[in-house]
Amino acid sequence: MSSPEHQGRAETAFVIVTGMSGAGRSTAAKALEDLGWFVIDNLPPGLLFAMAEEAGRVKLAADKVAAVVDVRSLAFTTDLNAAIEELEGRGVRVRVVFLEASDEELVRRFENVRRPHPLQGEGRLVDGIARERGILREVRANADLVIDTSAHNVHELRNKIVAYFGGDNRPGLRVNVVSFGFKYGLPVDADLVVDCRFLPNPHWVPDLRPMNGLDAPVRDYVLGQAGAKEFLDAYEEAFKIVAAGYSREGKSYATLAVGCTGGKHRSVAMAEQLGGRLRDRGMEVQVSHRDVGRE
């Protein structure tokens, strides 16, 4: 992409969408397409560089290009890593988006559409999922953005893609702050986890129990506890250092998970506060609450 005919053109944004079969790759691709991205689905990894070259050569309004690749090639990981290295060696900034979902949710989705998993062969559906998860382990570990779609319908996944890529011309780290309950498990797409269980639980205050952390009485109760403000102050300063490091390393997205026991009171209030503080520092922040209403 650095040949003379490309000089003077805006740098192409190049995104690879991959992940578990059934986790929502097609939905993500359609959302990017609706945002004006030039998207090619089911592209073999070996053709990624040729696609990038062609996108830069012809006038496709292709300053934003996305390729959806899957695991059906036996040499998937090797081919994908080689393609990314070739692209970055030619000066193309590549970001990898990995779509994830729990085994239980993937089984449910495949059973609903009555389709076999592409890697199950003569085995069971769960065998295909396990095989794919093993092949993709390295890709997931190196992805720039991991999105867990287990609890998302197609509309919610589309909204996430729009939130991450809708204003892609804006510089800086994008932060997703999500509250959660430890009793429901860690968010698998979290880069950093904050534990708020050191604070007294509003669940044990009868008047506060039916409310959640978005309600003013719960928020005031949580923030009024010893250590709450000090924790927020310290973490805000720590995350400033982390965010600067992420930016130096070329990481565009970070998911910060804030947890308490049930994901209803403390984590919600603290997530809102952290999100607001990071916005005040000029960061682009989205706050969501995974487990509110789940009890």
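Tutor: Happy to. Helices here are DSSP runs of H or I with at least four residues, numbered from the N terminus. The model is a predicted one, and helix H1 in it covers residues 25-34, with Arg25 among them.

Now the sheet itself. Five strands make up an open sheet, ordered E2-E3-E1-E4-E5, and their pairing is parallel. At the edges stand E2 (38-40) and E5 (145-148); each has a single partner strand, so one side of each is left without a neighbour in the sheet. From one strand to the next, the twist averages 20°.

Let us zoom in on E1 and E4. Strand E1 (residues 13-19) runs parallel to strand E4 (residues 94-100), and six bridges join them. Within this pair, Val17 is found opposite Val97 of E4.

Val17 also leads us back to Arg25, which touches Val17, Thr18 and Gly19, and its contacts beyond four places in sequence also include Asp70, Leu99 and Glu132. Arg25 counts as buried because its relative accessible area is 13%, under the 20% cut-off.

Across E1, E4 and E5 lies helix H6 (residues 154-165), which runs at about 160° to E5. In the largest nonpolar core, which has 53 residues, Phe165 joins Phe14, Ile16 and Leu48 as the members that touch the most others. Another core lies apart from that one; it has 26 residues, including Val258, Ala271, Leu278 and Val287.

Key: Residues numbered from 1 in each chain as written. Predicted model: local features only at pLDDT ≥ 70, side-chain atom pairs only at ≥ 80, totals over all residues. Heavy atoms only, no water. Helix = DSSP H or I, 4+ residues; strand = E, 2+ residues; numbered from the N terminus. Buried < 20%, exposed > 50% of the residue type's maximum accessible area, 1.4 Å probe, protein only. Contact = heavy atoms within 4.5 Å. Pairing = 2+ DSSP bridges. Axes fitted to C-alpha atoms, helices over the stretch in contact; angles between N-to-C directions. Core = buried A, V, L, I, M, F, W, Y, C linked by side-chain atoms within 4.5 Å.
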